[in-house]
Structures are given as structure tokens and as C-alpha cells.
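Subject: Structure handover

Hello,

Here is the structure for you to take over. Please open it beside this email, and read my notes below as you look.

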Amino acid sequence: MEEKKQPKQATFMHALLVIIFLVVVLFVAIQYMGADPHIPIILATIVAALIGVFVLGYAWSDLEEAMIATISMAMQAALILMVIGSIIGTWILSGTVPTMIYYGLQILSPGIFLLATLVICMIVSVSTGSSWTTAGTVGIALMGVGIGLGIPEGMVAGAIVSGAYFGDKMSPLSDTTNLAPAMAGTTLFEHIKSMFYTTVPAVLIAAVLYGIMGTRYAGQELNVGEINSMLAAMAENFNISPLLLIPPLVVIIIVVMKVPALPGLMAGVLLGGLFAMLFQGADLGAFIDAAHYGFELESGNEIIDNLLSRGGLDGMMWTVSLILIALCFGGVMEKTGMLHAVGSAILKMAHNTGSLIAATVLTCFAVNLLAGEQYIALVIPGRMYKDAYKEKGIHPKVLSRALEGGGTVTSALIPWNTCGAFMWTTLGVHPFTYLPYAYFNLAMPVVEIIAGFMGFGVFNEDGTKVNAKA
């Protein structure tokens with residue numbers, strides 16, 4: 001029997017060709033044609049597959065299996081995304097989201113709003129371990145409050161994303177917080193303790209910047225007429241009650257009790273339907289319609305109508321399709337070895353401990369950019385660099401921390417990444433619009449790299465401090 005021919009090893013130039021094509025086609029399609037990123041990424045996938053089959057010698061069946069395997073890694077995330085779409089639709093129907101906006105407009109002031117948004121989202125995300133749940137619940141309400149207070153939507157979304165990803169990174173309930181130490185070979189709590197060295201400075205930088213930014217709005221005169229118009233529109237279309245805050249509190253409690261994400265979030269959907277019937281007089285048909293197609297409001301107030309006409313399982317399918325396409329691209333890039341070639345090229349620049357940590361952070365960002373999936377950005381660099389850290393005698397908790405510092409937080413800044421696509425759909429703000437204001441997400445990789453070169457929080461396997469220049 002004839003032996004199957006072994007494929008060639010991908011080089012950095014193979015990967016660079018695909019990367020250049022992806023960047024150019026995305027830029028032209030989005031910037032000049034106003035297109036969505038879906039088709040450009042499909043075209044880049046075709047180019048990567050052609051190189052894989054005709055240049056490197058892979059069988060199409062191998063690439064197809066890789067795409068399916070990569071998609072399967074993120075299927076739970078896709079299911080959660082669809083359920084959160086139903087939560088958004090039913091919580092608006094029930095009056096839960098309008099109630100949060102209604103009270104928020106009366107309690108929060110422009111001067112403290114951005115800092116308060118950061119802290120509120122930090123608390124919710126640490127409690128739930130989920131940036132997506134945070135954005136899909138209190139995040140939407142805070143967007144409404146911020147817009148009502150006259151704060152630009154990019155700033156509001158940036159503060160929401162910053163707070164949400166603090167918890168996604170630090171909570172022991174978070175999937176990424178558990179995945180990173182598993183890839184690096186350390187324990188969960190060693191990993192969390194290690195992250196304090198860099199996460200606390202990064203979030204303090206974000207808090208100071210939001211505090212300073214808030215002073216720009218502290219003295220401005222509120223548009224009382226517009227706020228009153230928004231309040232009146234919500235009061236006319238919904239029965240507002242503090243009891244409508246029960247569904248989000250119950251979901252947070254359920255998640256804290258370590259109930260699996262999907263059942264916990266489905267409970268939120270059912271609670272939304274129940275409260276819609278009890279408080280808004282909705283029938284079963286309205287509940288099913290909101291869960292499937294989302295909620296649509298025609299109050300006459302354009303701001304409230306745009307804010308509260310959203311959600312539903314169907315409302316998330318644009319995002320799900322983008323995620324599936326991005327994962328197909330990532331699967332081909334990984335299977336053909338082009339992702340590994342990019343990582344190896346970066347690793348060659350790592351001559352000491354500081355540059356090794358910098359290489360890890362940059363590789364995680366590159367994988368987020370190319371593979372479009374947060375989990376892959378933790379798994380592939382984790383596997384690639386585990387031996388390099390071991391050879392230098394560096395404790396694996398330093399690797400796990402670098403994986404999160406470069407992988408977890410940067411995922412929300414990329415529109416075609418699963419996380420960026422989710423935030424875009426949920427908050428209604430393009431990632432490139434909130435990117436300049438997502439201070440925690442921007443500061444985190446920089447702080448991680450600086451700490452690496454300074455040797456701050458970098459330890460040998462025996463617990464002694466590492467010389468970062470070694």
C-alpha cells in the first residue's frame with residue numbers, strides 16, 4: 001500500500017501572505033464598500049486552504065475536519081450567545097431593562113458615570129465569571145443611561161467592556177480563568193494570585209482615566225428635557241417596578257452557585273417571560289416572539305426605540321455566522337501550521353525572560369486576530385510556549401498570566417473575533433468605536449509586557465524571583 005504523502009511545513013512567508021490578504025480585503029470591504037466582515041474572511045479562508053492543499057500538500061478532508069473541530073471548541077459559546085439574545089428580548093419585554101435604565105437615569109450623574117460603570121461591571125462579571133452575561137444584562141441598561149446623560153456611546157461601551165473583562169479574567173467562575181492555567185500547567189488559585197501583579201495596576205489605570213474623563217462631563221448642564229422625555233416614554237410603555245430587578249439578581253445568584261451557564265441563562269429567559277406576563281400583561285405568544293425575534297418598541301422617542309428594539313435568538317444569528325466563519329479560517333490556519341509559524345517567528349525574538357513574556361502576549365493577540373476565537377488564543381500559545389518557560393525554569397503561573405494578559409482581554413477589540421462580534425451585537429457599538437476607550441483592555445497587555453521586562457511578579461519554579469534579563 002502506498003504511504004500517504006506528508007504535507008510540507010508551513011513557513012512564516014506562507015502565513016504572511018494570508019495575513020496580508022486578510023488585512024487588505026477586510027480594509028477595502030469594510031472601509032470603502034461598507035460591507036460586513038463575513039465574506040472577506042471567507043475569501044481569506046479560501047486563500048489559506050488553497051495554499052494548504054496546492055502548496056503544502058494537505059488533503060481537503062484534513063482541512064474540513066480541522067474547521068469542524070475548531071467550530072466544536074466554541075459551540076458552547078455560540079449556544080450561550082443565542083440564549084443571551086433571548087434574555088435580552090424577554091428582559092426588555094418584561095420591563096427589566098427599561099427599569100434599570102429608568103432608575104439609573106435618576107441616580108447616576110455624568111461626572112461619576114464612567115467610573116461607576118466600570119465598577120458595576122467589575123462586580124457583576126466577578127460574580128458571574130462572564131463578560132458576555134455582564135454586557136447582555138447590566139451592560140445594555142448602562143448604555144441607555146449613558147446615552148441619556150449625553151456621554152458618547154464609544155466611551156460608555158469602552159467602560160462596560162473594561163469592567164466586564166476584568167471579571168472574565170479574574171473570576172474563578174470564568175472559563176478562560178480556568179483554561180489558561182490548564183494550558184500552562186499550574187493551579188487555578190496560583191494563576192489568580194499571579195494575575196494580581198499586573199491586573200490591579202491595569203484596572204487602576206483604567207479607573208483613573210475614567211475618573212478624569214468624567215470630570216469633563218461633571219459640570220455640564222444636563223438635557224433635562226430629553227431625560228424627562230426618555231423617562232416618560234418608558235413609563236408610558238412599561239410598568240416600572242423595583243421588583244423587575246429580580247431576574248438579573250436571580251441569574252447572578254444561580255451562576256455564583258456554579259449552576260452550568262446554559263441552564264442558568266435559560267432560567268433568566270423563563271423569568272423574563274414570567275415577569276412579562278405578571279407586570280406587563282404579555283401573553284405566551286408575545287414571550288415566544290420576544291425570545292425568538294427580539295423586542296420592538298414604537299414609543300415615538302427615537303433614542304428609547306433604538307435602544308430597546310433589539311435582542312432575540314434571530315438577532316444573534318449575524319454574530320453566530322461571523323463566529324463560525326472566523327473559526328473556519330482559524331481551523332485552516334492551525335491545521336496547516338501557519339499559526340504555529342507566526343508564533344515561532346515571534347518566539348525567535350525572545351532572548352530573555354522579559355522578551356519571552358512579550359512574545360507570549362503578542363502571540364496571543366496575533367492568534368485572536370487571525371483565528372477569531374479567544375479560546376484558541378489561549379490554547380495554541382499555551383501549548384507553544386510551555387516548554388520554553390520550563391527550559392528557563394519560570395513558574396507556569398507566569399505563562400498562564402501572560403496568556404490572559406494577551407489573549408482574554410484583546411479578544412473584545414477585534415470585530416470578527418467571537419468576543420468582539422458579541423459586544424458589537426449586544427451593545428450596538430462597533431469595536432473600533434469603543435476600542436480607544438476600553439482602557440483596561442488596552443492597558444493590560446502593556447502592563448503585562450512592562451512587568452515582564454521589570455521582573456515584577458515573575459518567579460522561578462522554586463518560588464524565587466526571576467532576573468528578567470536572563
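R401 and E448 form a salt bridge, with their closest N and O atoms 2.7 Å apart. The term salt bridge here stands for a side-chain nitrogen of Lys or Arg within 4 Å of a carboxyl oxygen of Asp or Glu. R401 is buried because its relative accessibility is 0%. E448 is buried too, with a relative accessible area of 0%. Buried means under 20% relative accessible area, exposed over 50%, and partly exposed in between, with a 1.4 Å probe and protein chains only. Helices are DSSP runs of H or I with at least four residues, and strands are runs of E with at least two; both are numbered from the N terminus.

A word on the source. This is a predicted model, in which local features need pLDDT of at least 70 and side-chain atom pairs count only at pLDDT 80 or more, while totals for chains, interfaces and linings use all residues. Residues are numbered from 1 along each chain as its sequence is written, and side-chain values use heavy atoms, with hydrogens and water left out.

**The other salt bridges**

How many salt bridges are there by this rule? The count is three. E190, K193 and K397 are linked in a network. Within it, E190 meets K193 at 3.9 Å, N to O. Both belong to helix α10 (residues 188–218), and because they are three residues apart there, about one helical turn separates them. An α-helix has 3.6 residues a turn, so residues three or four places apart point the same way. E190 counts as partly exposed at 25% relative accessibility. K193 counts as exposed at 52%.

K397 also forms a salt bridge with E190, at 3.3 Å, N to O. K397 is buried, at 16% relative accessibility.

**The nonpolar core**

The largest nonpolar core has 150 residues. Such a core is a set of buried Ala, Val, Leu, Ile, Met, Phe, Trp, Tyr and Cys residues joined through side-chain atoms within 4.5 Å. W132 and M423 have the most contacts inside the core. Helix α4 gives the most to this core, with 11 residues. Leaving out residues up to four places away in sequence, M423 touches S131, W132, A135, V161, Y165, A412, G428, V429 and Y434. Contact means heavy atoms within 4.5 Å.

- S94 is in helix α4 (residues 75–94). It is buried, with a relative accessible area of 0%. Its contacts are L244, G272, F275, A276, F279 and Q280.
- L356 lies in helix α18 (residues 353–371). It is buried, at 1% relative accessibility. L356 and Y385 are 29 residues apart in sequence, and their C-alpha atoms are 8.6 Å apart in space.
- T45 is in helix α2. It is buried, at 11% relative accessibility. T45 touches M67, I325, C328, F329 and V332.

**A patch on the surface**

Which residues form the nonpolar patch on the surface? They are F21, I39, I42, L43, I46, L50, F54 and V55, with about 710 Å² of accessible area together. Patches take residues with over 30% relative accessible area and no salt bridge; like charges are joined within 9 Å, and nonpolar side chains (Val, Leu, Ile, Met, Phe, Trp, Tyr) within 5 Å. Accessible areas come from the Shrake-Rupley method with a 1.4 Å probe, and for residues only the protein chains shown count as cover. Helix α2 (residues 38–55) supplies the largest share, seven residues. F21 belongs to helix α1 (residues 12–32). F21 counts as partly exposed, at 31% relative accessibility.

**Helix α5**

Helix α5 (residues 96–107) has 12 residues. From first C-alpha to last it reaches 17 Å, close to the 16 Å expected at 1.5 Å a residue. That expected span is 1.5 Å times one less than the number of residues. Is α5 mostly covered or mostly uncovered? Mostly covered: nine of its 12 residues are buried. Among them are T96, V97, P98 and Y102.

Best wishes
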